[in-house]
Structures are given as C-alpha cells and as structure tokens.
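Good morning, everyone. Please look at the structure on the screen, and keep the sequence beside it. I will go through it piece by piece.

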Amino acid sequence: MLWPIDLIVLTFVIFCAIAAITVRDLLGTAILFSAYSFLMCLLWAVMGAVDVAFTEASVGAGVSTVFLVAAVFRTSRRTKD
Amino acid sequence: MNNMPAILVLAPLLGAFFACLAAWIQKQLSYYIALAAMAVSCFAAVSVLTDVITSGTMQYRMAGWAPPMGIELRIDLLNAMVLVLISAIAFVNLVASVKNVEQEISDRAPSFYVMYLLFVVGLLGVTATGDLFNLYVLIEITSLTSYTLIALGDKDRAPLAALNYIFIGVIGASFYLLGVGYLYITTGSLNMADVAVILKGIQGSSAVLTAFILCILGVWIKMALFPLHVWLPNAYAFAPVGFARVVAPLMTKVMVYVMVRLMVTVFGLEYIFETLNLADAVVWLAVTAILAGAFTALFQKDLKKMLAYIIVCEIGYMVGGAWLGNSLGMTGAILHILNDGLMTFALFLAVGNIIYMRRQTAFSDLSGLFAAMPWTMAGFVLAGLSIIGVPPTCGFFSKWYLVLGAFEAGAYHFAAALIISSLVCAVLFFKVFEICFFEADSGAGDHNPAKVITEAPVSMLASLGLVSVAIIAAGIYAGTIVDTIILPFLQ
Amino acid sequence: MSDILPLIVAKYNFWLYIILMMIGLYAMIAKNNLMKKLVGMNIFQTAIILFYVSIGYKHGATIPIIQGGHGGHSAHDAVIHAADYINPLPHVLMLTAIVVSVATFGVAMALCVRIYQRYQTLEEDELRMRVSERITHE
Amino acid sequence: MKFFGFVIVCLTGGLLLYGTMDLPDWGDPGSPASTHLSDYYIEHIVEETQVPNLVTAVLADYRGYDTMFETAVVFCAGLACFLLLRDFRPKKDRYFRHVPTGVMLHFKNPQTRLIAGNEFEHMDKDWVPSDMIIKTVCRILIPFIQIYALYVVAHGDFSPGGGFQGGVIFGSSLILMAISYNLKTLVKRVTEKFLSVFAALGVLIYVGLGVAAMLMGGHFLDYGMLAPLLPSDPGHIRALGMLGVEIGVGIAVMAVMVIIYINIVSEGRHDEGL
Amino acid sequence: MEILISIKPLLTVLVPLLVIPILVSSSQKPNVREAWIFGAGFVMFFLVASMVPAVLSGSKIVFTLFELAPGADIAFQVDGLGMLFALVAGSLYIVTSLYSIGYMRGLKEHGQTRFVSFFALAISATMGAAFSANLLTLYLFYEILSLATYPLVAHHEDAKSRISARRYLVFILGTSIGLVLPAMIYCYHVTGTLAFSTAGIFAGQLSKPAATVLLLMFVFGFAKAGIMPFHSWLPAAMVAPTPVSALLHAVAVVKVGVFSIVRVITGIFGVDLLAHFNLGVVVMVIASFTIIVSSCIALSQDELKRRLAFSTISQLSYIVFGVALLSPSGQLGGVIHILMHAFGKITLFFCAGAIFVATGKKYISQMKGLGRQMPVTFAAFFIGSLGVIGLPPTGGFYSKWNLILGTLEAGQTIFMVVLLVSSFLNAFYFLPIVYQAFFGKGKDDLSGARVKIQEANLCLVLPLAITALASIGLFFFPQMFVDLITLGLNL
C-alpha cells in the first residue's frame, strides 16, 4: 500500500507550505520553501514521476532557493507578515 | 508540403536568437534582423490566409507525428485572419517604433528587439496552435516577455505595475493550466479537435464543467475582463511606447481569440449554450465591463490611462458578443477582434508620436496638438471616431453586428450598453480633441504666435497613415470579411 | 464508514492538491510582502504540478522507462504492456510547467530587487504609500 | 484584502472540489488519461524512436515543439533579468585590500585609480575572510558536479534526466563557485558575453535542428529526416536528434541560470554578491 | 420603372472629396485653391444636372458600392426626392463658395484652407445623403456630415466657439448614436432590409407601440432637423462664420436632417403604415409645437443671426409637418419647402454676413437706416423674408399654399390655424427689420445728411442677388421640381 506514505509526506508538505508563508524571517521562508520543494519532489518520486522529481529537486529545492536567498540578500530580510 | 504555418512562427523565433547574437557584432544589426524576420513572418501569414481561403483548413504536424500524438498547427479561417493581424501590426510597429525605442531604452535596444520578437512569437504561436497545452506554454512566453517589457517603461511605477501583472497573470495562466488538467483527466487527450470529439460524449460531467469554468476564467484574467482587469491600466499606461503599441492592440485580442477558440472548437457552442445556463450571466458581466470601462475612462487625466480603460470597455464588447449565443453576435465579436486591433493600434501609434515629441500624455500636455502635429492628430481622430463607431470606419460595422446580435438574442441591455459606451467614448474623445484644438500650446510662448509644425518622423507618420487606411478599408470591406472568413468559419 | 475510506483513498490526492493550491492562492492575494507572494505563487504552481502528476499515476505500474530497453534493440523482443508503465504524458507537461514557473520566478525576483532599489521596501502597503507620496509631491 | 482573498480562495477551492467529484479515482488504470494517448506512447515509443525513457521521448520528439518554446521561455527569463537589472554604471564605493598586510582601503571617488601593481585585491563590501575548508571542498566538488551534469544530459534517453536537469546542475555548479569564492571569480571565468552567446546558441541548436529537418524536406523537428546528414543507423536517428536537442537545452539552461543568479545577487552590477 | 446602373452618383460624391488633397496642397496659393473649388462645384453640379432628364423620365439610377450584409449595403440611388435635394445643395454650394471667398478674405480669417477643405467634405457628405439608397448609407453620410461641420463650427478656436461646438456635437452625435443607430439596427433586425421603398419596409411586423417608439426615435434622433427639444445646437452654432451658418441652415446640415426624416417617413415606414396607425398626427403635434414656440422665441432675439436661426427651426418643422400630413398636397408642400426655404433662408444669411462684413453690425437694433446705405442687400433681404413668410412672388408661397391645401385634404383643419398663426409671426419678426432699415432713423442719420451707398464687396453682393432672384424665379417655374417630387414620392 502506497497511500499511507503518501499521506504522511503530504501532511508534511502542507505543514511546510503554511510555515513558509507565515514565518516572519524571509531567509526562513527560503529554507522552508526549499524543504517544501524537496518533500514535494519525494512525493512525486513516490508516484513514479522520476523525471519531474529530478527536475523539482534541482530547480525547486536547488536553484530557486538560491535565487530566493540572493534576492533576500539584496533586499530586506524582515517582514511584518 | 507547405511549411508556411511553421515558418510563420519560426521566422521571428530564429530572428530573435540571431538578433541576440548579432548584437555582439553590431548593435544596429539586431534591428534589421528583427525587421527581416517580421517581414518574412508577415509574408507567410498572408500566404497562409490566401491558402486557407482557397483550399480550406491547414494542418501542420510538428515533428511529423500525427495528432493527437504530436502537436499540430491547425489553421482555419479564424486564426489565419488573426495571424495576419498580429504579424502585420507587429511588423508595422517595428517600423514605427525605432525612434521611440532609441529615445526610451537606447542603451539596451537590441535586447528590446529580441524580447519583442519573442513576444510576437508567443502571440503567433498561441493563435496557430491546435494543442491545448502548447497554448499554455506560448501564453507564458507572451506573458513573460510582456512582464519584462512593461517593466522597462516608467522608471518609478512600471516595475510595480509589471509585478502586479505577474501575480495576476500567473493566476490566470495557472487557472487555464488547471482547466487543461481537468480536460486531460476526463478525455485523455490534448489536441483540440480530439478533445472536442471526446467531449461530445461526456457533457454532463462536473469535471468538464469545472474545466470549462477554469479555462474561461484563466483566459478572462489574461484578457482583463472587467472585475479581473485591475492589472491592465497601469501595465499598459506605464509600458514603454514601443511595446505598449503592440501589447495593447494584440494581447487582449489574442486572448479573446483563445476564448472564441475554446468556445467554438473545443467545448462547442452547443454545450455552452444548451447544457450550461451561464450565457445570461456572462452577458450581464460584459455589460458591466463595458459600462465600468467607459465610465472609469471618463475620470482619467492621462491619455494613455484613458485608452487603457477604453480597452477594458472594448473587451466587454467582444466577450458579450461571443456569449450572446447567436451567430450574429459571434460574428460581431470576431470582426471586432480585427477592428479593435486596428483601432487600438492606430490610437497607440498616435500616442507614441505625441510622446516622442512631447514626452508626456497628461491632458494638460496635449494643448495645441492639432496645430503642431496635424497628421498625427488626423490619424488619432480617425481611430477615435472608429472607437466611437462612426461609419465608414470599421468600428461601426462590428458594432452593427453586435447590436444586431443583441437584438436577436433579446439582450437589450447589451445593446443599450453598446450605445451608451459609444456615447461615452464620444465624450471622451471629443474632450481630448477640444484640448488639442482649442487650447494653445503653452510651451510655444506668447511672443511666437506663428504656429510651428513639429511633426513626428516620417516613418511614424507613414505607419499611422497605413493603419488609418486599413481602418477605413476594414470598414468598407466588412461585408466581404464577414462573408469570406467569419461566416464560413462559424458553419 | 466502510464506504468513506475507499473514497478518501481514491480522492485524497486531489483534495490535498486543492488545499495546497488554496494556500498558495491565499498567499498571493492576501500577503503583504512581495517575496511572500512569490513563494505563494510557487506553491500554487507546484500544487498544480502535483495535480498533474496525480493524473498520471496508475496503480500497479512502474516508472515510464521501458525495462530492458537499454540500448533500444532488446525491447523489440519483449511485448510492452501499457498497464505496466505510468502515463508519461503528464510528466512531460509538468517538466515544461516547472521550467516555466522557475522562469517566471526569476523574472519576478528581478523585479522585486528593482522595486527594492527604488523604494527601499517590499511591503505592499508601504509601497502604495510611497507611490502616492511621489505623485502628490509632483 | 485578507478577507477578500479568503473568500476568493474558498470559492476557487469549492469549484475545484466540485470538479473532483466526477474525476476518475486516483491511480485508476482505466481512466481516460491513462488509456487514450498514454497507451499509444507506452506501446509504440521504443519501436518508433528507440528511446526507453518515455518522458524524454515524448518531451523531445512527440512534443518537441512545446519543449522548444520551453527553452525559449528560459531564454526569455535570462534576457529579462539582464534587461531589468543590468546596470553598467561604475559603482561609487570600491574596496581594496593590500594583500601582504591585509589593510583595507575604501575609495569613494570613482575616478581614483590604484596603480600599486598586483599587491592590491579588489574586495567586496561585506567581505569576510574566506573559509579554507569550504573553498577546497567546493574546488574539488565542482568538476564532479559538472561531469555529473554532462552525464545527466547525455544519459537522458535511458534514465531520468535530460537537458534541462543537466543544465540546471551545471549552472548550479557555477553558482556554487560564485558562492564559495566570490562573484568576481565567476565573472572572470564566465564572461557576460560568453553567457549570453551560449544562451542564444543553445536555443539556436534546438531550432536549428528543427529547421534542418525542414530543409531536408520533412516537417519541422522531424529528426527522421536528418538521416542523410548523420552517419548513423537510420533506426537510431531520432534518438540522436533528441540528444542533440537536449544538448541545446542544457547549454541554454546552464547559461540562463547563471545569468539570473549573477544579476539578482549583484543588482546587475556584476561586481559583488553572496 | 426603369433601373439604370451608373457610376454618376458615386462620382458626384467623390468629386468634392478628391479635390480636398489638391486644396490642402495648394494652401499657399489662394487663387489656385479657389479656382479648384469652383471647378469641383461646377463639375458636381453638372453631374447632378446630367441625371435630371433620366430621373424626370421616370427611371431610377442605382449604384451599389459595397455590401455589408444582405439588404444593408452602401448603395446609391437617384430618385426624384434625392435629385431635388442634390440640385438644391449643388447649386447653392457654388453660390456659397463664392460668398465664402468674399467673406473670409474680407475678414482676413485664419485657417482658410482648413475651412474650404471641410466645406468640401461637408458638401460631399450632403450629396451622399441625397443619393442614399438605404437608411444605412444615409446614416453613414449623416455622421460624416456631422463630423465635417464640427471644425467649421469651431473655426474661431476661442472659448465661445468651443462651447458651441461642444453643444453642437453633443446634440447631433448624441442623438444619432443614441437614438437613430439602435432604431435603425432594430429595423434591420425586424425586416432584414433597410432599402427605401415607398411601400415601407415593415410588412405588418410592427405593433403600434413599437412603431410609435421607433418613429419618435427617428424624428428626434435626426436632431439636425432641429425638432424641439433637440434644437438648441442651432442657435449656439451661430458663432461660426456666416458662410458656415448659411451652409448649416440653408444648404446642408439642417436639410439633411429634414431629408432624413422625410426618407424615414416615406421610405421606411411608408405612408400607409403611418396612416393605419394614425401616427402622422403625433409627428404633426411635435412639429406644430416647434413651429409656434420657435417663432415666438425668434421674435425676442436681437442678434440677427440668432433670429434667423430660430426662424430656421420653425421653418424646418414645416417640412416635417407637411410630410407627416400624409396627404399628397401636404407632402408636396413639405418637400418643396426644402427647396423654397433653402433659397429664401440662404439669401437672409448672406445678407446678415454682408452687413457684418461691410459695417460690423450684428444686432437688429443697430440696423436702423442701414437700408439706404446698402440697398441691394436689404432688397434681397426683403425678398428672402417674403420667401420665408410664404408670400408671392416668391417660391415660398407655393409651398405654403400646398401645405394649407394639405391640411384641408387630410381633414386636419385645426393644424391649418397653426400654419396661419406662424405665418403671421414670421411676418412680425422679419418685416420690421426691413422697414426699420429703409425708413428707420439710426444714430448716424440724425444729422439728416445724405448717406453714401456702401455695399459690401462684389463677392458678397453677387451671391445674395442671385439667390434672391432665384427665389423669385422659383415662384414662376416650380414645375420641374414638382414633377421630381411627384415621381419621388409616388404621389
């Protein structure tokens, strides 16, 4: 049975997503977002979408996070919401 | 085998990359490459149109795979017409806007042309394709390029407007993508024709309804139909002229085309008007869009902003016409895609000329324009009259079909909205004309009463003249266009 | 109860994607910070990708790489059953979608940096205030 | 706005939930999505293209037209970052370090020149003495990452991966270089001209292969038509075509990722970054 | 009835249109420019005149230009009614051109090229309206005419003309878009045709309320006819130079409005339908109201041109009134009043302009004793007044006679009273001017010295003399025009 693993990962994904948009530190957002992407990529790997998972791992968890960190570096780290 | 449909899209694409490379050799070179690419594309579009008129729908299999396995370009009368419109406008604008681009973004002009070409590629691709997902990718190309180019405009506010546009645009595109997903899960196919065939069997499904709503919502967001229009005025008003001139007439029109295509080809008019009961609500929405657009335009103090709201109003025309549920209304909507493209283009060409000479388009900066730029203003007046709907300009004839369609459908509120918006547009334009005509130019100084003509460069005027002629011609030949293109398409 | 469980098992993936999508959409509409909005946008897009990937999933099938197809020739001998492999098409579409989303993300980020250069803030309400200040100063 | 957003979100969610009612069950092998096109692909791809990775085959061949535009989108993103952020003006403040002594000099006048030979090193404003361990590890890692990236590109026909993933990985290796050393090291090795030419060239390879097929008398992107040009087994020609295309994608993506990173992290000045 | 296909009607419209570029290009050489105007005027007039024999012999000349939709195309047709109107407009254009040269040069007005160009455009549109074969074509030329006269009204470019021009446009464009356009499209929607036919186009498809609403929309919608309450643009437009006033009031604008109403009543509804629903009375009531009220207002005006303007409003309603009588004599009287009033009123306006150029006086109270100074002018004024009042030996008598006859024929005796009362009012507001001019004592005359004759220049006096004589001539030779009308209306 696949769905219990799937379900657990999904719960984590949702948790990360909510955390990423509520944390008040943008660097934290970047890292949480990275974690979110990575969990998502796990989820897809579980569902057999290996190519998509691979891409998400390199793009979502990798490059996007770097971009986000770079942007935070050039702007401000704190936010009100 | 006829490769024209592919060439039509590929010429600007290849042109873009060659222009990018050529910019490292000589900056001017990229402009000429862009010009040549657009000329080829324009030629191909015309040739496709004539072929389609004589020998019917064209199908082009990408990579040689038969649909629905591969992607096909499927060009029938409707998109052939829109393709010609797009490539012609993009080409003419390229000729007209050199000076504007030099003035506004001189240091990165080559990159501007590359982006410009990619934008046109996107529009052409969206119009030519016969595949639902391919449509999404191409919409994203147009969006991405337009975000960028819009952000290059007004130093202070353009980036903000562009970012706003990104958020809303992404929501729109994602809705469309979701809709395609729902369609795919229920039909298993992505090819429009194939999907249409399969959909006939499963019309009652709630998934299909959701798919339809999502797709249409996505397209509405992209075309800025009334409550979803918030991004448009700022984005178009602050964009650099060289780009505003092409995005304003084309982007929304192409989205209207996509809507018509989804309605006619994919979901089928029968499904929309007989199974669903949404048509009345949408026509009311269009009525609100028309009135809201027109009346908001009344309160604008800047010419570009005013035109942007007029676009919002015109979108209401097309959406309403398409949803009237009869062939007259649809004819009007399709004809208006063509006509509104031309009219808006002419207006923005004139605005570009004004900006080139005056830098500003607030109403207070427009005084004395008739004396200073008589030719530009002549074009502007003609386009304005066309928006108002004065015969024999083309705007009248699409309005004619729309109102007829409204009567036939019994949608008198829609007809009333059309008439009221015409009146409001008349007020709007004559307000501008009055300022340009009666108020002497304060900048010229009192000691120099002799009126000096400071016209825009010839290339700009020639383009404007060409488009003005096209406006009249499209009006005069409206009957021919309807008979040879729109009616055969709708059958 | 026995009816509900299979329903949940059959549909939960779709429901969860809807939840994720709602989170993303909410962040895009309601958040005040532009970066947060961008992250919301990404969540929104990944949710859609999740939806597509879920479409492609098939019970009892494996990843869409033909076994024994290495080198290409041996595959001719074995008969390929469609039921053994997951549908590759949604994956292809989603590869494209991911690329598009990262491209959009990059452009949006560049815009954010540019806006910050000009206004020294990324909070929407403050931006609105500063823009209107600028207009009244003119 | 919050409430408004909430309402919209709930409406959308409701609509989507409503839509899922009629969807086939998750993982149902008999759903239309898993039968109509999917079956064709699974059963015919190996025969038609000799590529066992179905995703690559569909991506680069059956839907190659999509992928071409996807690459164009990536190119757009790179160009957009350049257009939006690139700033050619020299920076006012410059920092130099006298290498033998470690003394920092701060120049406020852009006109001033430093002529003291090689003893001075141009520094970032927020410069911190670099960590030897990180530098060394990265220096060792980067070539391996790059080789892996090339492998991912080349082996995309048989295993997960392909041009896009490989390109991203290659790009990240360069970004890693910028992070572990500093931006100037990267910009010195990979110039802006190099990147922009490669970005365009990558897409051009893709489009060029398609156009070549068209010139050979086939449809656009019909790799089968390239057979006379390439000394290869005609049955294998589509796989070769795909490989060519993937290489193009890889080059373009690599270049664009670096362009985006450089421009964002240095606000378009290409002088200093993370 | 014989149908001839000929390009002549199109040529008539095109001649003044084609001469405009030449006018613009020769703007530096006034004499050359004016030679072209006359050339065009004569060519046009001869083209019109060359069609007279054919029309008198009972045939109809038709020419279809473009087809928009079945039954609604841009087409020309020359019948008796159109021919009558074209003859009036064509002949008066030449006279007015001569007059305007004298006037504009006499006052050294600015922008003369613009003035003559739009004048030519206006006459072209008038010709087009005269020769329209259907309501759509008529509407087209009606709108062109509205827009072509806008710059003429706004000629002075000052605050006063700005307000007037705005009022002019609001009334004219507002009513035509807001009322005529929907009414016209509704007609097309119901019947599928817009071609004029003496039997009407509604074959029992209208209920009485619908017909009433449509009729009122048309009557009020053609606001150029000055039916109250849509009349107030006319006095406002008096700020324009006098040749424009002459054009507006006598030749082109108002007459096109009235002509359009005549066409709608006789060609769209048809006499039988209106008689069946008894709708003629409705129009007659409106017209009578306008006649009486505007005559009363005219009495109180001191500015000569304003008095003439209100007189025009009342005279126009005579025409509408006559046609709405629905009896042969009434219709004949109404339609021929187009001709008679044109010559009478243009004479009056010419006189007003000549007085202004020669002495700078605009107000009636200043004109005491001026008759001795300008005998020819005031003699012509007297003749013109007689023509408008409807006294022999001027053509006006003929139309008024027929109108009164018509009321008796239709059995509407009460309306005869209206005609008589208004004739008295007419006499009251015109004849005292002439009397005062010849016999009154102005300030200058107190010395009793013999005044020198000081006429305006020949370019001004000649036209007014010609039109005054023509006005008398029409009293003796109206037969050809009567024939035209009889043929045109199928009386």
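**A sheet in chain E**

Start in chain E: E:Ile3 has E:Lys60, in β2(E), as its bridge partner. This is a predicted model, in which local features need pLDDT of at least 70, side-chain atom pairs count only at pLDDT 80 or more, and totals for chains, interfaces and linings use all residues. Residues are numbered from 1 along each chain as its sequence is written, while chains are lettered from A and ligands numbered from 1 in the order in which they are written.

A quick word on terms. Helices (H or I, at least four residues) and strands (E, at least two) are DSSP runs, numbered from the N terminus. Two strands pair if DSSP finds at least two bridges between them. Strands of a sheet pair through backbone hydrogen bonds, either parallel or antiparallel.

Back to chain E. Strand β2(E) spans residues 60-69, and β1(E) pairs with it in the parallel sense over three bridges. The open sheet here has three strands, in the order β1-β2-β3, and the pairing is mixed. Which strands stand at the edges? They are β1 (3-5) and β3 (72-78) of chain E. Each has a single partner strand, so one side of each is left without a neighbour in the sheet. From one strand to the next, the twist averages 35 degrees.

For angles, axes are lines fitted to C-alpha atoms, for helices over the stretch in contact, and angles run from 0 to 180 degrees between N-to-C directions. Touching has a cut-off too: two residues are in contact if their C-beta atoms, placed from the backbone, lie within 7 Å.

**A sheet in chain D**

Next, chain D. Three strands form an open sheet in the order β2-β1-β3, and the pairing is antiparallel. Strands β2 and β3 of chain D stand at the edges, each with a single partner strand, so one side of each has no neighbour in the sheet. The twist averages 30 degrees from one strand to the next.

Take the pairs in turn. Five bridges join β1(D), residues 94-98, to β2(D), residues 103-107. These two strands form a hairpin with four residues between them. In the turn, D:Gly102 has a positive phi of about 85 degrees. On the other pair, four bridges join β1(D) to β3(D), residues 120-123.

Where does D:His98 pair in β2(D)? Its bridge partner there is D:Val103. In β3(D), D:His98 stands opposite D:Phe120. D:Phe96 also has a bridge partner in β3(D), namely D:His122.

**Where the chains meet**

Six pairs of chains are in contact, and chains C and D share the most contacts. That contact takes 46 residues from chain C and 53 from chain D. On the chain C side, α1 (4-30), α2 (34-56) and α3 (89-119) each give two or more residues. The largest share comes from α3(C), with 16 residues. By class, the chain C side has 31 nonpolar, 12 polar and three charged residues. The classes are simple: Ala, Val, Leu, Ile, Met, Phe, Trp, Tyr, Cys and Pro count as nonpolar, Asp, Glu, Lys and Arg as charged, and the others, Gly among them, as polar.

Chains B and C also meet: 23 residues of chain B contact 25 of chain C. On the chain B side, α5 (132-151) and α6 (158-187) are the elements giving two or more residues. Helix α6(B) gives the most, 14 residues. That side of chain B divides into 17 nonpolar, three polar and three charged residues.

Which chains do not touch? Chains A and B have no contact, and their closest C-alpha atoms lie 15 Å apart. Chains C and E do not touch either, with nearest C-alpha atoms 29 Å apart.

**Two helices to finish**

Last, α1(B), residues 4-22, packs against α8(D), residues 192-215, at an angle of about 150 degrees, with the axes 9 Å apart. That makes α1(B) roughly antiparallel to α8(D). The residues of this contact divide into 14 nonpolar, one polar and no charged.

Methods:
Parallel < 35°, antiparallel > 145°, perpendicular 65-115°, else oblique.
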